[in-house]
Amino acid sequence: MAVIENSKLTIVGAGSVGSSTAYAALIRGSARHVALYDIATAKVEAEVLDLAHGTQFTGSSDITGGSDISVVEGSHVVVITAGAKQNPGQTRIELAGVNARILKTMMPQLLEVAPNAIYVIVTNPCDVLTVLAQEDTGLPPERLFASGTVLDTSRLRWKLGKRAGVSTSSVHAYIVGEHGDTEFPLWSKASIGTVPILEWETADSPRMTQDELDQIAIDVRDAAYKVIQGKGATNYAIGLSSARIVEAVLNDEHAVMPVSPVLHDFHGVDGVALSVPAIVSAAGAVPIPETQFAPSEHELFLRSADALRAVAESLR
């Protein structure tokens, strides 16, 4: 049972990602109350109406929303998806300037009506936006974090599970770093069940090679570009992964998830938001400092931090 019994989730932004997050949250029963907020009145009212028409089939959750900021009032978790979307051929970092300006205007308004909420930033580039928002608001880093590589990790586990012939839930592997082009898997800690990833083999699944794993990592990194090229946006999987993060907060699960808070003195990284395994609970997200990196992985982690630091500096 949820620690917050009368829990409220508000999703900011009624575009494809925001409405998919609301849909996923309703179906999964992520929160008792789900609200959708967007300044585009007709769009948000239509999305809320469409979702409300299906609440007979979603259990006890209800859906409200609109274009007045009061929609957000009383939220325990606020998921921010508002902003310009990533276009075909455009990197997440290229989105940074316009979405940083949107967030800078929006955050004070949200905090005024939901001062005690946990804030999860999904809008891309989520890592950079998290750093800027945390600096602007002064919120503790555990209360303001990005959805990070929770989705990328799901993509990785799905591909590995297909290759190994096991369920996705039996694959234990993480993507860390930037949610974007410098992300990378922690292969040194990856396993299927208790078997290290390079040692897994069955009659139907020969051992994977390092070259094969490297290609899987590239496929995962570029997965969003492939989806965007074909249908214009990624929405279903990010909606599901965002709903899952919300559940970890509202149910005080202390679940380990690769979300992206602003890091302080974490393996040589300070003042940058990067995805690392973190404990997600009602208190927010707290990185796990005991996380271990192979030397080559630590170099990649520092490279990811440098890339994001440079983007953040250009926007200050």
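In strand β13, S260 is the bridge partner of A146. The structure is a predicted model, in which local features need pLDDT of at least 70 and side-chain atom pairs count only at pLDDT 80 or more, while totals for chains, interfaces and linings use all residues. Residues are numbered from 1 along each chain as its sequence is written, and side-chain values use heavy atoms, with hydrogens and water left out. Helices (H or I, at least four residues) and strands (E, at least two) are DSSP runs, numbered from the N terminus.

Strand β6 (residues 144-146) pairs with β13 (residues 260-263) in the antiparallel sense, over two bridges; two strands are taken to pair if DSSP finds at least two bridges between them. β13 is also joined by two bridges to strand β14 (residues 272-273), and these two strands run antiparallel. Opposite L263 stands V272, a residue of β14. The loop between β13 and β14 contains H267. This residue, H267, is not a glycine, yet has a positive phi of about 50°. With a relative accessible area of 26%, H267 is partly exposed; buried means under 20% relative accessible area, exposed over 50%, and partly exposed in between (1.4 Å probe, protein chains only).

A positive phi of about 50° is likewise found at D252, which is not a glycine. D252 is placed in the loop between α8 (236-250) and β12 (255-257). Its relative accessibility is 28%, and D252 therefore counts as partly exposed.

An open sheet of three strands is arranged in the order β7-β10-β11, with antiparallel pairing. The edges are taken by β7 (171-172) and β11 (195-196), each of which has a single partner strand, so one side of each is left without a neighbour in the sheet. β7 and strand β10 (residues 191-192) run antiparallel and are joined by two bridges. Within β10, I192 is the bridge partner of V171. In general, strands of a sheet pair through backbone hydrogen bonds, either parallel or antiparallel.

Helix packing was examined for α4 and α9. Two packed helices are described by the angle between their axes and the distance between the axes. Helix α4 (residues 126-137) packs against helix α9 (residues 295-315) at an angle of about 50°, and the axes are 10 Å apart. That angle makes α4 oblique to α9. Axes are lines fitted to C-alpha atoms, for helices over the stretch in contact, and angles run from 0 to 180 degrees between N-to-C directions. Angles under 35 degrees count as roughly parallel, over 145 as roughly antiparallel, 65 to 115 as roughly perpendicular and the rest as oblique. The crossing of α4 past α9 is right-handed, that is, the near helix is turned clockwise from the far one by less than a right angle.

From α4, residues D127, V128 and L132 meet L308, V311, A312 and L315 of α9, contact being defined as heavy atoms within 4.5 Å. The residues of this contact comprise six nonpolar, no polar and one charged. Ala, Val, Leu, Ile, Met, Phe, Trp, Tyr, Cys and Pro count as nonpolar, Asp, Glu, Lys and Arg as charged, and the others, Gly among them, as polar.

Helix α9 also contains S304. At 0% relative accessibility, S304 counts as buried. Residues up to four places away in sequence not being counted, S304 touches G177, E178, T182 and L274.

The loop between β5 (118-121) and α4 holds P125. The peptide bond from N124 to P125 is cis, and its omega is near -5°.
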